[in-house]
Amino acid sequence: MILRSRFLLPILIYIVISAIFPVYAENYKPTTIDSILYFQAAVKDAEYCSLVVKNGELISINRSTGKPLSNAAMTCPDMFSWKLFAEVIQDKFWSNWADENDNWPAQPYALCQADQRPGKDACCQPGSTNNDPNHCPIYPGTQHTAKLKSLTEALNEEAHTLARDPALQRDTRLPFHDALHPLSRMIKLQSTTKTADAPPPACSAVPVNGKIEDLVADIIKKFNPSDAESTGRVIRQTNAELTIRNQVFHDYLFTNNLYNANGVVDVFKANQKNLQTEAPYRRANQSAYGGKAGMLSRVDLPPDAIMIKSNWLHHDLAIALGLPDDPKQYISKLLQTQIDLQALGISKSPLTCNLDGIHHLVAFHISSKDIPNWVWTTFEHISLPGRCDITGCNDAYGYASSDKNRPAGTAANYVKPNQRSDQLNSPSIVFNPDQGYPVEIIRPEWDKLLTALNIGSGSSTSQVEPDPEDVAWRNFRLKGSQVEFVNSIGQPTLLGNSVTEAGFMDGSSCISCHARAGAALNSDGSANFLALSVFERNLTDFGYARSHHGIPDPFWFYNDNNSRPNMLVMQTDFIWGFLNANPIVTSKP
């Protein structure tokens, strides 16, 4: 069931042979699955999509004319996905960008008023160096520039010591559960916060019945049940999920008072008042700019805003799953994974520990506001055995399929999911999950561009931090891109990752799921960010809840009666991260 490292050499040999001597099926006959996946396998990029490097930046152009494309995100979504891939790596998203606790502090102070100053008053001021990092948003790329530079350059013990600096540790969490309990954060060591809860212990030193025990070996033994739905589901439930946002995104939240729940409530009320008293006329949406306060009637991020959800797997867990043991095949970082010892049957009572150590990046989503409903794209590491399961992998730009059964004359954008006969008395062709896939071949243009950008062209110079030049970046493949709820003939578009959406990938749609992200008001006037759930009352064959796919229902957001309409839920611009927004604290603790 698992793609083990010993399979990699035959795959590499196959790539070389297939690149020299293309092989096509002469008597190809589609299965019933193939006929259905025909629509999922659509070539999304126009034939004239191309990229060039100018002054160190990727520029989207028309290959035929050389002119810039006016809307590459819609015309060339796969190419645009790879453009985003390169740009976020150049920006070092893993360390520079703000995580969820940086965006939404657990105990946020209010924005400073004209007569207030951070440090003197319990308030936050965008751009100030005196903001309390425990109560105000921070952006690591500017707040910790010197420390991050030292971390990248350090080696051996010094590197590990710097990586464990509380200021540089990333806030990771377990993925959404079906019941959607409030998000659990990895608690930082905050010596300046007297009220902070004690952080969970390291899994190598857990207090049990008055003794300190090393439970790592038990965790490795227990985390991977033999009857798990898929390897991806095992990884999904046992990885460090790090969600981060770029500076444009972060600054928008901070300057527009959206880093706390009170600010979101204010926008909800302004939107509701506009609907009820000024229809059909809309309020102009004025974001904070040039030191002037914003006057928002809706949440609407700038076009340069980007958010990333990334999945990092502890090295020992990766090896236990049969993934390659060679660290050079991965992009790696020192992180912590939350382990629920009771869920694994290691503890009889509720007990959590942090599995600390080197983690490998195995999958990540990128979402960009280049179009109003965002661009959605997802990447997976080539070692994941189920990376093209169920929906297949679709890439019209970066890497070409090496499928030897592809009929001559067909496009090389699609890798179809593995299939087999169920071998019953009346047999059917069904999916054959977790069997691994031949590695796609890099296309010449993308290869040339990566080299020009110095991405994936060398070795990592850090033991605990990724580097843009690390050749392991070339071990990622595009699973697919998404820019519409439905295609031109009304079929719902799908996009899911074999890790992030494991267990419900058969109906996963990034754009549709995030369309349900919104805010409502509770009876006491406080914010409710779960009025619409990520998951619907809809189950997969394994019993896992599905997320929504297809077009949104307007009656999720507005009532349906003959009186004046009333807003039930305000969309928060596809951002589930507002689940982390907390009410303002009015005084210093």
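A disulfide here is a pair of cysteine sulfur atoms within 2.5 Å. In general, a disulfide is a covalent bond between the sulfur atoms of two cysteines. With that rule in hand, let's walk through the cysteines.

Before you start clicking: this is a predicted model, in which local features need pLDDT of at least 70 and side-chain atom pairs count only at pLDDT 80 or more, while totals for chains, interfaces and linings use all residues. Residues are numbered from 1 along each chain as its sequence is written, and side-chain values use heavy atoms, with hydrogens and water left out.

**Stop 1: the overall pattern**

Select the cysteines and show their side chains. The distance rule gives five disulfides. If you number the bonded cysteines of the chain in sequence order, they pair as 1-2, 3-4, 5-6, 7-8, 9-10.

**Stop 2: Cys112 and Cys123**

Now select Cys112 and Cys123, whose sulfur atoms sit 2.0 Å apart in a disulfide. The torsion about their S-S bond is about 85°, so this disulfide is right-handed. Cys112 is in the loop between strand 4 (110-111) and strand 5 (123-124) and Cys123 is in strand 5, so the pair ties together parts that are 11 residues apart in sequence. (Strands, E, of at least two residues and helices, H or I, of at least four are DSSP runs, numbered from the N terminus.) Cys112 counts as buried at 16% relative accessibility, and Cys123 is buried too, at 2%. Buried means under 20% relative accessible area, exposed over 50%, and partly exposed in between, with a 1.4 Å probe and protein chains only.

**Stop 3: Cys203 and Cys353**

Next, select Cys203 and Cys353, a disulfide with its sulfur atoms 2.1 Å apart. The angle about the S-S bond is 90°, and this link is right-handed. Cys203 lies in the loop between helix 9 (156-163) and strand 6 (206-208), and Cys353 lies in strand 11 (residues 352-368), so the bond joins parts 150 residues apart in sequence. Both Cys203 and Cys353 are buried.

**Stop 4: Cys388 and Cys393**

Move on to Cys388 and Cys393, where the disulfide has its sulfur atoms 2.1 Å apart. Here the S-S torsion is about -105°, so the disulfide is left-handed. Cys388 and Cys393 are both buried.

**Stop 5: Cys510 and Cys513**

Cys513 is in no disulfide. Cys510 is buried at 6% relative accessibility, and Cys513 is buried at 10%.
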